Amino acid sequence: MLRLQRTKLGGLGLSLFRGLHHKPVMAVRREDVNAWERRAPLAPRHVKGITNLGYKVLIQPSNRRAIHDKEYVKAGGILQEDISEACLILGVKRPPEDKLMPKKTYAFFSHTIKAQEANMGLLDEILKQEIRLIDYEKMVDHRGIRVVAFGQWAGVAGMINILHGMGLRLLALGHHTPFMGAQEIFNELPCEYVEPHELKEVSQTGDLRKVYGTVLSRHHHLVRKTDGIYDPVDYDKYPEHYISRFNTDIAPYTSCFINGIYWETNTPRLLTRQDAESLLAPGKSPIVGVEGCPTLPHKLVAICDISADTGGSIEFMTECTTIEHPFCMYDADQHIIHDSVEGSGILMCSIDNLPAQLPIEATEYFGDMLYPYVEEMILSDATQPLESQNFSPVVRDAVIASNGTLADKYKYIQKLRESRERAQSFSMATKKKVLVLGTGYVSEPVLEYLSRDANIEITVGSDIKNQIELLGKKYNINPVIMEIGKQEEKLGSLVAKQDLVISLLPYVLHPFVAKACITNRVNMITASYITPALKELEKSVEDAGITVIGELGLDPGLDHMLAMETIDKAKEVGATIESYISYCGGLPAPEHSDNPLRYKFSWSPVGVLMNIMQPATYLLNGKVVNVAGGVSFLDAVTPMDYYPGLNLEGYPNRDSTKYAEIYGISSAHTLLRGTLRYKGYAKALNGFVKLGLINRDAFPALQSEAKPLTWKELLCDLVGVSRSSKHDVLKEAVCKKLGGDNTQMAAVEQLGLLGNEQVPRAESVVDALSKHLAMKLSYGPGEKDMIVMRDSFGIRHPSGHLENKTIDLVVYGDVRGFSAMAKTVGLPTAMAAKMLLDGEIQAKGLIGPFTKEIYRPILERIKAEGIIYTTQSTISS
């Protein structure tokens, strides 16, 4: 046996014991899998050090190796094709399976430790031939840090490549920049390093003559799903409990991203396909483009993935590029990769053997790191049991396989393989089944979010055939055409096959769906209010042992979650809530609000119209205030003093006083939840109320069997003049009914309510008006909406100080994507659905999003989807 004592390069100490009859032989094999692989594991000076110790070193001839064969011969190596005499065979990358020799010790980068499917055949052959495999990637010190790697030169080569690629890409986009000839690494450029949190500012106001860079560590972008905190010890144990904020906090302000992180399947991704779609959406640049320097289509131009981990931390990096063809373009809209630097998308460089571009430097560097461990590897006898070998921990722990079996530390590889095979074989059987009812504006974000999980099978039920067909073309769904409110038996049999039902139907149908879920003991989720009709089913839900969650959209939904987060935090420090005022509104973007209502509809307007007919109750300075709906509703409308450029008004919504109990804030003297609109909306609707247009009573003259009616004729009936009256007579009668209000009169005229257009068939006047407004005031191509929410709290602290806290949420719709309302209603609903499927929500019964178990993860995850809220506080005595 031997006892090894490690010294510096060229000075391995050696003590020989009896039983050794001849010196072992080592070989450096030829790299013959990749034509561009010109590196070697050792340079000639390392070979010289080994031969000086009396070991025989065989060098397999290669005309690709960057360092010429004769240099190795000068160092004492023996050049020969046959290396079967060697007991240790060193290489850089994997050898062909048919060239493996049994019962030898091999050392190379095997890429098997994640059970990579492409290399499992190699691993099987290694086990079959009883080869001892040492993987450089697993040679680590006591801290888990790699001691043998090409890492430094991968970084240098990667930076050179991506600067070259950036130059080509910018040239293709019409720019002429210093990147054209840059062949130096980043520090040689006119650069300045900034902290990650400073990227946003320098991307907007930085010096255009500089290249700004930042170095990202885990704590800059990783946060726990439940509380938004990064705990390094906890992350190392439970990385699956974390998400990355790279897509929202860093990527939007980055032109070029160099990725070198180590990724495993249970760790968060940096960028997903959905992130790429968002990042590549056209942005508004404050800089006007000129010839030679046009405005860029989007901020992120290029990604260099040094890790070259396909489908890993960069989900859409699905194939590596090569030294021969180093660049490709990823088109996020079509999810395709094309070999060009032109066209739409992100320039990608992901060469998996980057250091091979600097083969001599890389060989010298790698050999210096490997050399101190070579002698003990030479003395490895693959025919003997692994435990009998006198290896250092660095080498011992890097042995993947020996004597025909996986080493104990790597037996998990087989379990990973078996797990993957089981998942592939039984994926259909293990899929979770979700039924989505309704195909309205909210359904698509729900489908998109749930479709990210391949283990969810989605069925969509609707009575609108064309909508369900359109969704079927975009998402992998099982479409079912049915009239949900009229086919109770069909609904029941469909629900019985599901793990979860998501009802995106009108609120009046939720109790109908809930009864089917109760009967079949299936969980249910909805974005809508928990109505009295749904509340009546509470005991039945509990008896069935299921979970039914409501109020998961925007308002109700995110408003509750933001409120409860603030309230719970206040209680934790012994503070009390003295006031709570929340206003929220879905609006057209200001540039699309030029109509009599200052409003547009993306779904049936009837609910919006009927809202002003409902009474409202709120608490103001300790007094209950009751607001009657209808004509007097206008008296409760108040101008809003925030976001003055938007010219907003607000009015109370439903019964706010009940939230004293729901939120647990009986200490509050003021409690109001209201709706936001642009100024002028309420007055226009008040005119409709005066004219009797917002009336849900049955109106036989509009029903299918009646004679067609024009709006002029209907208005004549409503104001009490003959249908044959002339226009001036009708206009005078309408104006009188409106109390002479010229603004309200103008709204009636501009919307065509005095004209000869036919009134849509409907059960009631308001239903007909709803259909008319849906046609007149719907969103057109290229038009977008926005949502505005402002929560205001008065928080009294134990010290006696009063904290005035505001939370603002402003979200714009995407012209090429989802509307703001669809995102803010659909995504929280989908997130809660996923949490329920994954067991993150354990509560049973009829509940809302009022507990930390529900609201914390959702508030954290919406940030990753670009739904960002801001907070501000002032303290007074």
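1. K432 has I456, in strand 21, as its bridge partner. Strand 20 (residues 432-437) and strand 21 (residues 456-462) pair in the parallel sense over six bridges; pairing needs at least two DSSP bridges between two strands. Strands (E, at least two residues) and helices (H or I, at least four) are DSSP runs numbered from the N terminus.

2. A word on provenance: this is a predicted model, where local features need pLDDT of at least 70 and side-chain atom pairs count only at pLDDT 80 or more, while totals for chains, interfaces and linings use all residues. Residues are numbered from 1 along each chain as its sequence is written, and side-chain values use heavy atoms, leaving out hydrogens and water.

3. Both strands belong to an open sheet of seven strands with parallel pairing, in the order 22-21-20-23-24-25-34. Strand 22 (477-481) and strand 34 (845-847) are at the edges with a single partner strand each, so one side of each has no neighbour in the sheet.

4. Now to helix 24 (residues 727-737): its buried residues (under 20% relative accessible area, 1.4 Å probe, protein chains only) are L730, A733 and V734. Seen down the axis, they fall within an arc of 100 degrees (directions from the helix axis to the C-beta atoms), so they line one face of the helix.

5. The face of helix 24 turned away from that buried side carries D728, E732 and K736, which are exposed (over 50%). The buried residues pack against helix 23 (711-719) and helix 25 (742-750), with contact meaning heavy atoms within 4.5 Å.
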